[in-house]
Amino acid sequence: MSNKINELAHEPQASSLALFGMFPEELKELMAEHGQKGYRAMQIAEAIYRQRITSLDELTTLPTTLRDELRAAGYGVGMPEIVQAARSVDGTERYLVRLGDGETVETVWMPDGDGGERGDGSEASAEEEEAEGLEGNLSEFSRETSGHRHDRRGPMRGPDLRNVGALEANGYRRATICISSQVGCAVNCQFCLTAKLGIKRNLTGGEIAGQVAAVLNRHGVKIGKDRINLVFMGMGEPFLNYDQFIRSVQLLVKQIGIPESRMTVSTSGIEPAIRKYAQEPLRPKLALSLNASNDVVREQVMPITRKWNIAQLLDAVKTVPLGKREWVTFEYVLLGEVNDQPEHAREVLELLAGMRAKINLIVWNPGPGIAYTQPKPEDVAVFQKMLIEAGMPAYIRRPRGRDIYAACGQLKRTVEEKPLVEIQAAS
Ligand code: SF4
């Protein structure tokens, strides 16, 4: 892996037309316009999505003349580019990712994830539980004396790392990538730093999926060998950029090769979009950001509740079909003395009674200029205990990357106010 982030820079963003983001049938049309046969489109798709090339020069399966023609017509690969990065003490990395027009979003890499999938019945959830079991078996001593990147490492399989993925070679079992769907966000959740940006524009499906490809490249991830989970929980509200979000899912599943069962989309609660989502044939798991136990509190924390209240949102969520082992996830950011008291836990239980629901509790991450306080550890413990004792699965999400503002609700382009640290070699 490179030491200097600026060495990662690839094809200049002068090309205004991106091949990355086009479906194979669209590439076929493009090739037809250039008098080429359909197999050329498959060669392009293979190179940009499977080999994840970043420059037309690497598209060596095409004749030079055709590459030159594409360049002259304004085309480039157009994969978003990681231009800056910060690394947390816990291994989390936060990237500033530049899009073709110079706008930027943030994307986060969390080796070993944050536990968000626990209890939702997915493959990723089973792996989480297996890993927790292993960790539970480590003695306190070995946990204290081992470094972060080793304390989750399973038994070594021997020195030959040629046949293992990049993650396992580095001591991780899996990684989660948190991606952005908009530049900024219009939803204005009161606990969220991104909200302070307002909304600038929607991302295209290619820009959403391209963040994943750029991060996979950075870590040398081998699809099929490494276990990668995706969460659409970065900057923006995916359901306010619905069509491009769905397009990105199609690209990620069918072209890049990450199954939708390894993806979770979180929405602040766009009721008509949730109902539409229920009809989608290709659908990541759904998580609703609940964050309050009644409409009065939710309106303060998430003003969008004035448009669609909790009852309307729950009705919509119930229309989303669940797989056999699937549970709906509700995200609940605990804010000190705002929504973290026993009466709130009781109300949550009433709201979700009868649903196959699990709750991810997120201890609020402080951010500059936000007036909330962190909940007291004892209040968090009581809240979780009340839910569990009433039969509601409730997990506390592991906070990741707090020191670099990469945790939930903290994504904002802090580059203007605090330059991101240049990353040093990870190993
Ligand atoms: S929490 Fe999500 S939906 Fe709410 S303002 Fe932040 S980015 Fe937007």
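**Ligand shell, core and strand pairing in the predicted model**

The shell is made up of Cys185, Val187, Asn188, Cys189, Cys192, Ala195, Gly236 and Ser268. The structure described here is a predicted model. Of the shell residues, Asn188 has a phi near 70 degrees, a positive value in a residue other than glycine. Most residues other than glycine have a negative phi. Asn188 lies in the loop that runs between strand E7 (182-184) and strand E8 (199-202).

The protein chain contains 13 helices and 14 strands. Of its 427 residues, 55% are buried. Among contacts in the protein chain with a separation of 6 or more, 71% are between residues 24 or more positions apart.

The largest nonpolar core consists of 112 residues, and those with the most contacts inside it are Leu19, Ile228, Phe239, Phe330 and Leu387. Helix H8 (residues 242-256) supplies the largest share of this core, with eight residues. Both domain 1 (17-76) and domain 2 (108-410) take part, each giving at least three residues to the core. Residues up to four places away in sequence being left out, Ile228 is in contact with Trp109, Leu167, Ala175, Ile177, Leu216, Val221, Ile258 and Arg262.

Another of the core residues with the most contacts, Phe330, belongs to strand E12 (residues 328-334), in which seven of seven residues are buried. The side chains of Val328, Phe330, Tyr332 and Leu334 point one way from E12, whereas Thr329, Glu331 and Val333 point the other way, and all are buried. E12 pairs with strand E11 (residues 285-289) in the parallel sense through three bridges. In this pairing Leu288 is placed opposite Phe330. E12 also pairs with strand E13 (residues 357-363), again parallel, over seven bridges. Here the residue opposite Leu334 is Val363.

Leu334 and Val363 are also both touched by Pro375, whose contacts beyond four places in sequence are Leu334, Gly336, Asp340, Val363, Trp364 and Val380. Pro375 is located in the loop between E13 and helix H13 (377-389). It is counted as buried because its relative accessible area is 7%, under the 20% cut-off. The C-alpha atoms of Pro375 and Val338 are separated by 8.7 Å, although the two residues are 37 residues apart along the chain.

The loop between E12 and helix H12 (342-352) holds Glu337. This residue is not a glycine, yet has a positive phi of about 60 degrees. Glu337 counts as exposed because its relative accessibility is 56%, over the 50% limit.

Arg283 is found in the loop that connects helix H9 (271-277) and E11. With a relative accessible area of 22%, Arg283 is partly exposed. Apart from neighbours within four places in sequence, the residues in contact with Arg283 are Glu260, Tyr277, Ala278, Val320 and Pro321. A further residue, Ser261, is 22 residues from Arg283 along the chain, and the C-alpha atoms of the two are separated by 8.1 Å.

An antiparallel pairing is formed by strand E3 (residues 81-87) and strand E4 (residues 93-98), which are joined by six bridges. Arg87 is opposite Glu93 of E4 in this pairing. The two strands make a hairpin with five residues between them, and Gly91 in the turn has a positive phi of about 95 degrees.

Conventions
Residues are numbered from 1 along each chain as its sequence is written. This is a predicted model: local features need pLDDT of at least 70, side-chain atom pairs count only at pLDDT 80 or more; totals for chains, interfaces and linings use all residues. Side-chain values use heavy atoms; hydrogens and water are left out. A nonpolar core is a set of buried Ala, Val, Leu, Ile, Met, Phe, Trp, Tyr and Cys residues joined through side-chain atoms within 4.5 Å. Buried means under 20% relative accessible area, exposed over 50%, partly exposed in between (1.4 Å probe, protein chains only). Helices (H or I, at least four residues) and strands (E, at least two) are DSSP runs, numbered from the N terminus. Domain bounds come from an automatic or database domain assignment. Contact means heavy atoms within 4.5 Å. A residue is near a molecule or strand if one of its heavy atoms lies within 4 Å of it. Two strands pair if DSSP finds at least two bridges between them.
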